[in-house]
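Please open the model in your viewer and keep the sequence panel beside it. The stops below proceed selection by selection.

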Amino acid sequence: MLTTAVTGNAYDVALENFDTAADVLNLENDVREMIKYPERILTVTIPVRMDDGHIHRFEGHRVQHSMVRGPAKGGIRFHPQVTLDEVKALATWMTWKCAVVNIPFGGAKGGITCDPKRMSLGEIERMTRRYTSAILPLIGPERDIPAPDVYTNSQTMAWIMDTFSMTKGYPIPGVVTGKPISLGGSLGRSEATGRGVFYTIQSACEHLGIQLKEATVVVQGFGNAGSVAAQLLYEAGAKVIAVSDSTGCVYNQNGLKIPELIHMKGLVGHVRDFPESESITPEQLLALKCDILVPAALENTIRGDNARTLNARIVAEAANGPLTPAADRILEANDVFIIPDILCNAGGVTVSYFEWVQDEQHLFWDAQDVYNRLERVMRTSFKDVLRIHEERNVPMRIAANMLGIGRVAEAVRLRSIYP
Ligand code: NAD
């Protein structure tokens, strides 16, 4: 068991971050009351016939935090540590994230408490389809559009799209994003989060005068977001000296061969035992001296008790909520430049938005078009957040929250209250 695993309550962190930014914004109480908490929460029981014949009951959730600026948008997570509070936190962050990159969506998130690594493909499919039918009244291209998150992927989205379409009687690709290309997925979606992380790291390096070619990088969590970011940084000439996943950490001071590591992980499912690397502990990985640390695993992996050991100049939050507020304060005091999650990993939802637009128009773009549009969004959003950070003299996280919360507040003031 890795000792940097999730602890603490992510929803407390989400509320604390909201209050901090709302205070700096001088947000009026009425608006706070209307935008702080989830609009709708659904918890469902998911009975699944397991391969051995018995029925197992799973619990799942779908939380819609906000639909003020557009349909709710957010991933679905399959993980043993999924709780309602975690889903509420992730839904809340989605609202501010969509507003930071200025796409016309609100925030949502879903999850099932399960261990997909111990389930067969058939069991996962039956669980996904039953969960979809349980949350059916909430989702749809104009209401709430799920996407992949931890331990869900394009296949999971294909099952959700199929289940939803079968109940409606016609194909509705726009109900999910992160689908396979052959079902209306977008080119560039699967690597969008890591690519967006890369663009924000490029922007941060330009801002701080760091040459990417000479930079050293550590990645915690070598999954979708982490491995793509590592690959692009490697291609840009940076030295990725250590990476980890839930089974172990590998280190080489001269730089790991990332394409080979991705290939190996694809074959065997883990990074440990990679040739030309030594094994280190999760604590040693976090404490490595590097220019850029990319936490890309789960929430709360960097906390008050381990933040002091960090030795990085930039922390690029590919994961959602990897730093607790206590860790934030320590890194801030140590002058570490933080690219906050709702900016850093917003590339995923941005290309999800592009996918939804393409599905609605039945007109598809080429990969370069997707990359160019994504780069424009990420670089503009980075500049917008940096401007608030500099003009208001607040940490990058507060600046990003001020931008996102400010845009949602403006929308709610204009819409006012119903009835
Ligand atoms: P993933 O399942 O592809 O990868 C997660 C990786 O983290 C796996 O390799 C897993 O082994 C590793 N991991 C888990 N616990 C760990 C630990 N304690 N220490 C080190 N590694 C650990 O998931 P993903 O889609 O890459 O998501 C990772 C993070 O990025 C999550 O916080 C997710 O919410 C966030 N995110 C993902 C997307 C996306 O489009 N995939 C978008 C925005 C944010």
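In which segment is the place of Pro419? Pro419 sits in the segment after α14 (396–415), where helices (H or I, at least four residues) and strands (E, at least two) are DSSP runs numbered from the N terminus. Select Tyr418 together with Pro419, and you will find that the peptide bond from the former to the latter is cis, with omega near 0°.

Before going further, note that this is a predicted model, in which local features need pLDDT of at least 70 and side-chain atom pairs count only at pLDDT 80 or more, whereas totals for chains, interfaces and linings use all residues. Residues are numbered from 1 along each chain as its sequence is written, and side-chain values use heavy atoms, with hydrogens and water left out.

Next, select Glu276 in the loop between α8 and β9 (278–280); this residue has a positive phi of about 55° although it is not a glycine. Most residues other than glycine have a negative phi, and most peptide bonds are trans.

Axes here are lines fitted to C-alpha atoms, for helices over the stretch in contact, and angles run from 0 to 180 degrees between N-to-C directions. Ser227, Ala230, Gln231 and Tyr234 of α7 make the contact with Ile258, Pro259 and Ile262 of α8, contact meaning heavy atoms within 4.5 Å.

Now select helix α4 (residues 121–134) and helix α5 (residues 154–168), whose axes come within 9 Å and cross at roughly 45°.

Finally, centre the view on the ligand, which has 24 residues around it, with Asp149, Thr193, Asn224, Ala225 and Asn320 coming nearest (a residue is near if one of its heavy atoms lies within 4 Å). Show the side chain of Thr193, where an N or O atom is 2.6 Å from an oxygen atom of the ligand, and then that of Lys265, where the corresponding distance to a ligand oxygen is 3.2 Å. At Tyr151, a polar backbone atom is 3.3 Å from an oxygen atom of the ligand.

Methods. A polar contact is a pair of N or O atoms within 3.5 Å; within protein, one must be able to donate a hydrogen and the other to accept it, and residues adjacent in sequence count only if both atoms are side-chain atoms.
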